[in-house]
Amino acid sequence: MSQAVATPSRVKRPTGWSRMTSSDTGAAWLFLLPALIGFVTFYLVPTIRGIYLSFTDWNLLSNTGTVTGLENYERLIGDPLFWNAMRVTGVYVVINIGLQTILAVGLAVMMDRFTKSTFIRGVMLVPWLVPNVVVALLWLWMLDPNVGIVNSFLGWFGIDAIPFFGSPTTVIPTIAGVNIWRHLGYTALLIFAGLQTVPNSLYEAAAADGATEFQMFRKITIPLLRPVLALVLVITVIGSFQVFDTVAVATGGFGGRPGGPINASRVIYLYIFENAFNFNLFGYAATLSVALFLFLFIITIVQLRLLRASESDLA
Amino acid sequence: MTADAHGLGDMVGRSRPRMSRVLAWVVLGLLLFVTLFPFYWALRTAFSSNELLFAGEQQLLPVGPTTINVERVVGLEPIRQGGATFDYLNVLKNSVIMATLITVGQVTFSAFAAYAFARLKFRGREALFTLFLTGLMVPPIFTLIPNFVLVKNLGWLNTYAGLVAPYILMTPFAVFFLRQFFLGINREIEEAAIIDGAGHFRTFWRIVVPMTAAPLFTLGILTYITAWNEYLWPLVVAREESVRVLTVALGVFTTQQPGTSPDWAGLMAATMLAAAPIIVGFALTGRRVVDSIQFSGIK
């Protein structure tokens, strides 16, 4: 592959510093060293250590633990709060990804077919740029049951105040909605990028044949967008399963208990976090992380299969 | 398309695109409004008086306009209410230090590694790169727990070192992102430099870095934003005020609020002040950020 580079550098052997560095192997490891240390220390070893911890009863205060075999895993199977967390997270992901993907495809097509304005794409991106904590607070204020503008607005149409973050039935859809608000512009931008690979001549030919915008969308855009859409889905689904900041701040503020009301928003990340840092059950928290990791891995494989991500229809 | 559609298209071809165009603009306008309104509303609230907010005043302009909330949050005015504190200048300083250290380190060291993966021949290159890529699949919470134990054992809790440690040397994404660019640049210039006796380090600094300044800058922006927005890691390793960053401080400020009468004006002032540096930075570099995210989507 890089034969052409390697050969001349071997032929010519200058002196001193540059001679040492132009021998590929030595230079390569020098270039790699800092990143390699980072990768081994903070990715590779922690991953292995995480798996090890999941088989122990690690106690953070004493910083010790003994191997307890499959005890944590047995506990996990019978832990109703774990299953609750997976269910709550699942509901969140379905609402979040379902709506977000539809809206983002619509927005991306509009941005592609009607205006290529960078300004509009930029404005739609703003919520994605600010911290989740900021987003959570903005919407806590907007959706406040007593003095929030949204409930006032609903009130002008005679609709009763909705508790949004405050009721077990509305809290998850509300958090899903807030995160759609944050990620819509970003997701649409990724899809928009994919749309730029669809040749314009196809639309022109279809328009010449009298096709409507909707027909073009169905027969040209969607099939050709499929590979990009598949990758965007894989990325957003994985991200969606990891929701934490918004839940922690929106349900934990004002003296509330994170994950409430009554476990209704205790997503898996929050449950892992609580086990580790509130209950001092590091081993069990590691077990929950292993379960989440495996689950995400399977979800990703299944998605890639179903969406035939690597095949393009643009023959 | 069918003959039917063809005929129909000829007949209404002139009016239909216009109608769908109007509809598209209405929808776009609505989306832009929904996107921007919460920011305006927070700003309006930050400059309002708390007493009037509790009375449920919903006018579009600040109610009882005042700058006292901003002054309180920035620390110019002593905090008299409830005991909740938000030391803006201190946490701003910590956020800037954290994001800057992470960005400079991560982009530099990831660029080194990306160059090695893109251009240098060594045994095990492909295998090592694949291993790096699998790092992309590991959910952050999975490594958070062991990393916390590690940082605690090193005695780095509540230090800048602990705050930046997992991010300052590399992320798999940064290495992957830059490798794509390095693969794309013209080999001949590098080869010429090497034939002229320039070592790999010189070739890298003098030729590759200037040629890929744009993507390096782009990655820098993305890294800075990500570091600035990070919440979970600083929350567990840097709770003390001396190293507390903006996001964590904002979370703490929220939990300290009384449930019955939160200091909404103060909260919104703090919220807008936390978002301001990112929004200003984006306003200055907007087009490049938009283009780069688009690019990161295609690759």
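Start with where the two chains meet: 91 residues of chain A are in contact with 92 residues of chain B. On chain A's side of that meeting, helix α3 (residues 24-53) of chain A gives the most, with 18 residues. Keep in mind that this is a predicted model, scoring ipTM 0.86 and pTM 0.86.

**Where the chains touch**
- Sorted by class, the side of chain A that touches chain B has 60 nonpolar residues, along with 24 polar and 7 charged ones.

- Chain B has a mean pLDDT of 84, and 89% of its residues reach 70 or more.
- Within chain B, confidence is highest in helix α8 (residues 160-168) of chain B, at a mean of 95.
- At the other end of the scale sits helix α1 (residues 3-12) of chain B, where confidence is lowest, at a mean of 40.
- Over residues 1-15 of chain B the pLDDT is below 50, and this stretch has 16 contacts in the model beyond near neighbours in sequence.
- A word of caution: where pLDDT is low, the predicted coordinates should not be read in detail.

**A residue to look up: Tyr73(A)**
- You'll find Tyr73(A) in helix α4 (residues 71-77) of chain A.
- Tyr73(A) counts as partly exposed because it has 15 C-beta neighbours inside 10 Å, while a buried residue would need 20 or more and an exposed one 12 or fewer.
- Tyr73(A) and Ala291(A) are 218 residues apart in sequence, yet in space they are 8.9 Å apart, C-alpha to C-alpha.

Note on methods
Residues are numbered from 1 along each chain as its sequence is written. Chains are lettered from A and ligands numbered from 1 in the order in which they are written. This is a predicted model: local features need pLDDT of at least 70, side-chain atom pairs count only at pLDDT 80 or more; totals for chains, interfaces and linings use all residues. pLDDT is the predictor's confidence in each residue, from 0 to 100. Helices (H or I, at least four residues) and strands (E, at least two) are DSSP runs, numbered from the N terminus. Two residues are in contact if their C-beta atoms, placed from the backbone, lie within 7 Å. Ala, Val, Leu, Ile, Met, Phe, Trp, Tyr, Cys and Pro count as nonpolar, Asp, Glu, Lys and Arg as charged, and the others, Gly among them, as polar.
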